[in-house]
Every structure is written in C-alpha cells, then in structure tokens.
Amino acid sequence: MPLVIREVTPADVPSIYDMIVELAVYEKEPDAVVSSVEDLHAALFSGDKSRNGSPASFAHVAEVDGTVIGFALWFLNYSTWLGRHGIYLEDLYVKPEYRGHGAGKALLRTLAQICVDRGYGRLEWWVLDWNTPALDFYRAQGAVPMDEWTVQRLTGDALHNFATEQ
C-alpha cells in the first residue's frame, strides 16, 4: 500500500475528528470529547489573535489510496533549559486496520524531521501507562519515559475558580 504523509488540509478535518472520537473510545473516555469539527477546523486553520492570525495547532495525516488512515496533531512548546522550541505531540492515531504497516512510525518520523530541520530541541508526548502497544511502539523508536515528572492539570471548575480567585 502506497503511504503518503502530508500536512492536513481543511477537507481532512472531519476524518481527523472521527479518529479523535475513536481514540477517546480506545482510551476509555468516550464522553470526554466535547469539541466539534468546527473547533478542530478553527484550531488548525483559523489562527489566533495572539499569533497574528497564525494557527497554534498543526497536523499531518497518513493517507493510503486517497483515504486518511491516521494523523498526528501537534503544537510548539518551549524549553527554558534548552533555550529552544520543541514539538508536543497531542495525538498520534492510526486506524486499527492499518496498524503495523509503518504509518505511525512515518508520522512520528515526520515530526522528528521537523524538529531537526527547524532546530527544535525535543519531541515529546504523553501516553497512558496501561497502553502497552503504544509504549512498546514508542520504546522501539528510542523514546524514553520521564518517570521523575508528574503531569499536573487545572481544568473545568478548578481552572475557573483559580483564575477568578481574589
């Protein structure tokens, strides 16, 4: 199967959104997706006033015979220790029937190449600790866990309450 990795286009957004929902189901969070196709389109193509109208989120898709079969959605982060930007991979997903044929590796390699080409210092992401197939895949690519770090998050009411606290 001829695999093509390319930047996302507006026409790809519904397919990516469907895969985001599939990923949420796989990650045992089927009700966690509250975004819409329109939200995703805006994030990837409408830009942000704080960035002079440039989008803050990016994506690449894996395509076989004109069908989008996977995607990588990412954004820039910054390391004060390295003094460089990096890529944070929000989601990497390949439809189950296409796994094991190199699409995930090709998407990840594309992001690694962007890092190298642009002088970014790192490519990083989270993975659920029970997702053994993903952990095995990432380890095979040379990724290492950041065991000494713990993820923290403010969201929903806690975020709102903290932001508006006097």
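1. Ser 57, leaving aside neighbours within four places in sequence, is in contact (heavy atoms within 4.5 Å) with Ala 43, Leu 44, Trp 74 and Phe 75. Ser 57 sits in the loop between α2 and β2. Helices here are DSSP runs of H or I with at least four residues, strands are runs of E with at least two, and both are numbered from the N terminus. Ser 57 counts as buried because its relative accessibility is 18%. The classes are: buried under 20% relative accessible area, exposed over 50%, partly exposed in between, with a 1.4 Å probe and protein chains only.

2. A note on the source. This is a predicted model, in which local features need pLDDT of at least 70 and side-chain atom pairs count only at pLDDT 80 or more, while totals for chains, interfaces and linings use all residues. Residues are numbered from 1 along each chain as its sequence is written, and side-chain values use heavy atoms, with hydrogens and water left out.

3. Next, the helix pair. Two packed helices are described by the angle between their axes and the distance between the axes. Helix α1 (residues 13-26) packs on helix α2 (residues 37-46) at about 115°, and the axes are 9 Å apart. Axes are lines fitted to C-alpha atoms, for helices over the stretch in contact; angles run from 0 to 180 degrees between N-to-C directions. From α1, the contact uses Val 13, Pro 14, Ile 16, Tyr 17 and Ile 20. From α2, Val 37, Leu 40, His 41, Leu 44 and Phe 45 take part.

4. How many salt bridges does a search of the whole structure find? The search finds three. A salt bridge is a side-chain nitrogen of Lys or Arg within 4 Å of a carboxyl oxygen of Asp or Glu.

5. Arg 6 takes part in a salt bridge with Asp 12, at 2.7 Å from N to O. Arg 6 also forms a salt bridge with Glu 63, where the closest N and O atoms are 2.8 Å apart. Arg 6 counts as partly exposed at 22% relative accessibility. Asp 12 is buried at 5%, and Glu 63 is buried at 15%.

6. Lys 95 and Glu 22 meet through their side chains in a salt bridge, 3.0 Å from N to O. Lys 95 lies in the loop between β4 (84-94) and α3 (103-118), and Glu 22 lies in helix α1, so the pair ties together parts 73 residues apart in sequence. Lys 95 counts as buried, at 19% relative accessibility. Glu 22 counts as partly exposed, at 28%. Salt bridges with shared partners join Arg 6, Asp 12 and Glu 63 into one network.

7. Ala 143 is in the loop between α4 and α5 (156-164). Is Ala 143 buried or exposed? Ala 143 is buried, because its relative accessible area is 17%. Leaving aside neighbours within four places in sequence, Ala 143 is in contact with Trp 125 and Tyr 138. Ala 143 and Leu 111 are 32 residues apart in sequence and 13 Å apart in space, C-alpha to C-alpha.

8. Last, Trp 130. Trp 130 lies in the loop between β5 (123-125) and α4 (132-140). Trp 130 counts as partly exposed, at 33% relative accessibility.
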